[in-house]
Every structure is written in C-alpha cells, then in structure tokens.
Amino acid sequence: MTLTTEELALLRLSLTDGVGPVTGRGLVERFGSASSLYGTSPREMQTEYEVSPRLVRILLSGDAPRRAVETQVARIEKDEADGKPVHLLFSGTGAYPESLDNCPDAPLVLYVKGHLPADAPVIGVVGTRKNTPYVLDALRYLIRGWAEERPDLVIASGLAYGVDAIGHTLALDFGLRTVGVVAHGLDTLYPASHAQLASRMIENGGAVVTEFPYGTRALPQHFIARNRIVAGLSLGLVVGESAARGGALTTASFALDYGRSIYAVPGRLFDPMSEGCNGLILQNKAAIALSPRFILEDLGLSHELPKNLPLPFGEEDAPEVDDPILRLLGQAEEMTLGELSLRTGDPVSKLSGALFTLEMDGRIRSLPGGKYALVRGGRRPN
C-alpha cells in the first residue's frame, strides 16, 4: 500500500489521541496541509500559527501516532492479501464525497470496503431498530419509486437492525447501490448477523464505511458519531419510523445542522413508534414523505418536469412580481417567517395567513426549519 506524504500526515493526525475531526480540519486549514503541520517547529506552531502549547504537545507526543499509522497500514495490507481489500479516502481529494467533506466535523480519513460513490446522489434512510410492518410498506413504496426514476441513486444508512437493514435490503432488491456507515473498525461487524447483507452491498457496487481505525469496538458514543456521517453523505434524509427518542432523531438533528432536507413518514396517532416522525413534522423540522416523486423533486433529483407547468421563476423574461412575499423569496431563495416579517414590515399574524394562501395556491412551499421558498417550476404569480 503506497500513500503520499500528505496522506500519511492526514492518517497520523486522525489517529492522534486528543485531536478530533473539528480540530484536525482546523489545523489542516490553518497550516495549508497536514504535511506542512508536521514540518513546522514547536516554536513556530505557537508563535506563527497560534497553536496552544497543550495542542502542540499532543501533536508531537512521541512515536505513538507514527506506530498507529504503521499498524493501520499493516492491517490494510494484510486484508488486501487475504482478498478483503480496504481503501482509504482522504478529506480534500476527489474520491472523498464532497457533501460530507463540506461538513465542519467530517472525518479526515474514511476506511472503505467496497466502493463509496463520490458523485452519485445519496438519500439517507434511518429509523428505529424495533420497526413495525408499516414502515416496511412505506419504504418499499418510496425506494421502488426512486429506483424507477433515478437508478443512479445511492441509499445510505447505518447497517443496524430494523429500518436501517430494511433500507439497505430494499435498495438491493430494486437495483440501487447502498452504503452502510458503521460505528467500529472494519476488522469486525456489528451486528454480526448482517455479514451477508454487508457482502451483498459490496458485491452490488456499494460499501461499508467507517471513520474508526482497525481495533475500534462498537461503543455507544461511536454510534452518535456514525450518525453524523450518514447525515453528511446525504442530500436528504428520510426518517422511516422512530419513537420519541432515538438514534434516528440524532441523525435528523445532524442533518438539520448541515442544512439537509428531512422527510418523515407520518405514523398512526397512538403508535409510540411513530412519535418521533410525527414530532418532526409537527415541529416543521421535516416535510411529510408523501411520495417518491415529491422527495426527488424537492431535492432537485427528478429527471422529469411536471407536465403543463410554465418555466421556473428567475427567467429573464419573467413578469414583474407584485406580491412582496414572492418578490423577497425570489431574491433570497428561502426565508423564515420572522425574516419575512422584518423585511415586509407586516406582523407575523398577517403573514401567516398570506403564506398559507400562497402555499395552498402552489406558489410557495414550506421547508424544514420553518423556512419558505418559491415553487420552482410551479405557477407564476399573476
């Protein structure tokens, strides 16, 4: 296995105890590269780059990080010799998924079994481990529709029991690639019963991915860290089924922080396994997962334009827009109710009614996070 000087430096930085993804990425940005970091003297780190003395000591803490690099490279080379190849993806390179690399806490290094598509659209599918038959039917409906219109789509999830496994399996059943993000090193698999599923995913063009090096066990805190990678990889996130508390809602929280669109499968009123999804919808953090086409269109992934509709707003020959709400949304792309109130000078109570009318008329749409945007490709204002 041959790694460049920069790749070795990134791997070393990622394996240094006390340096997390945010700190590591900040250091790379400050020094220009990881290799430049390690080529700088301790005095220069403190005086020219304003690195704290404590962090300097951590970065130059003896041979432990170097030995860790040697150990990981040796394990990868052994797996490759045994016909179980693992490759590394490094932040800042073309092979590393851009959507994840744009997140402030993305890993410096990803360990990958299989193929992690860097340029294909990804939708995340997450939910409870204790699923009901309802979510199986709902996800079959959604994923079948996605596969028919976007066969290049990739489904990402966490390879856990329940909704995760359903999402991966349905993706394979309908011919889509799927990626599982795990909370441990690639020398093991949790749950072990999903070994066959993981193999199918890899054989069909997908991958099993982690930020954790060989020898890392599946500890509780690692699952939370895993969830942010699922969110970061995805253009949009579908929460299939969730109780009022659970890992799927953590993933949704990360997705909101990253500016991703969230969709929730609405559930039955008295079903505790639907409380999480219904709550996301109630809080306007997620749109209702109405149909495969709705989600694809909302993410800009639909190949087909709606029939008998005029061209989108923003064309040079578009007519003047008299409605101040439509005019502001055309300029700012999306705005909250509070922002619209400040810009128009109208009270929130008045704007709420106007927004409801415009939404029902198909001119605007509500977004997760309490925001509003024009319906591109929808009706033009009179």
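Predicted model: local features only at pLDDT ≥ 70, side-chain atom pairs only at ≥ 80, totals over all residues.
User: How many helices and strands are in the chain, and how compact is it?

Analyst: Helices (H or I, at least four residues) and strands (E, at least two) are DSSP runs, numbered from the N terminus. The chain has 17 helices and 12 strands. The radius of gyration is taken over C-alpha atoms, and the globule rule is 2.2 Å times the number of residues to the power 0.38. Here the radius is 23 Å, close to the 21 Å that the rule gives for 382 residues, so the chain is as compact as a globular protein of that length. The C-alpha trace spans about 70 × 55 × 40 Å along its principal axes.

User: Is V135 buried or exposed, and what is it in contact with?

Analyst: Buried means under 20% relative accessible area, exposed over 50%, and partly exposed in between (1.4 Å probe, protein chains only). V135, in helix α8 (residues 133-149), has a relative accessible area of 0% and is therefore buried. Contact means heavy atoms within 4.5 Å. Leaving aside neighbours within four places in sequence, V135 is in contact with V163, I166, G240 and E241. In the chain, 49% of the 382 residues count as buried.

User: In what order do the strands of the open sheet with β10 stand, and what packs on that sheet?

Analyst: Two strands pair if DSSP finds at least two bridges between them. Three strands form this open sheet in the order β10-β12-β11, with antiparallel pairing. β10 (334-336) and β11 (364-367) are at the edges, each with a single partner strand, so one side of each is left without a neighbour in the sheet. The twist averages 30° from one strand to the next. Axes are lines fitted to C-alpha atoms, for helices over the stretch in contact, and angles run from 0 to 180 degrees between N-to-C directions. Helix α16 (residues 337-344) packs on the sheet and touches β10 and β12, its direction making about 90° with that of β10. Between β11 and β12 (residues 371-374) there are four bridges, and S366 stands opposite Y372 in β12.

User: How many aromatic pairs does the structure hold?

Analyst: A pair of aromatic rings is described by the distance of the centres and the angle of the planes. Rings of Phe, Tyr and Trp (its six-membered ring) pair if their centres lie within 6.5 Å; planes under 30 degrees apart count as stacked, over 60 as edge-to-face and the rest as tilted. The structure holds four such pairs. F254 and Y258 are stacked, at 6.4 Å centre to centre with 20° between the planes, and both residues are buried. The rings of Y263 and F294 have centres 6.2 Å apart and planes at 90°, so this pair is edge-to-face. It links distant parts of the chain, Y263 in strand β8 (residues 261-264) and F294 in helix α14 (residues 292-298), 31 residues apart. Y263 is buried at 1% relative accessibility, whereas F294 is partly exposed at 28%.

Methods
Residues numbered from 1 in each chain as written. Heavy atoms only, no water.
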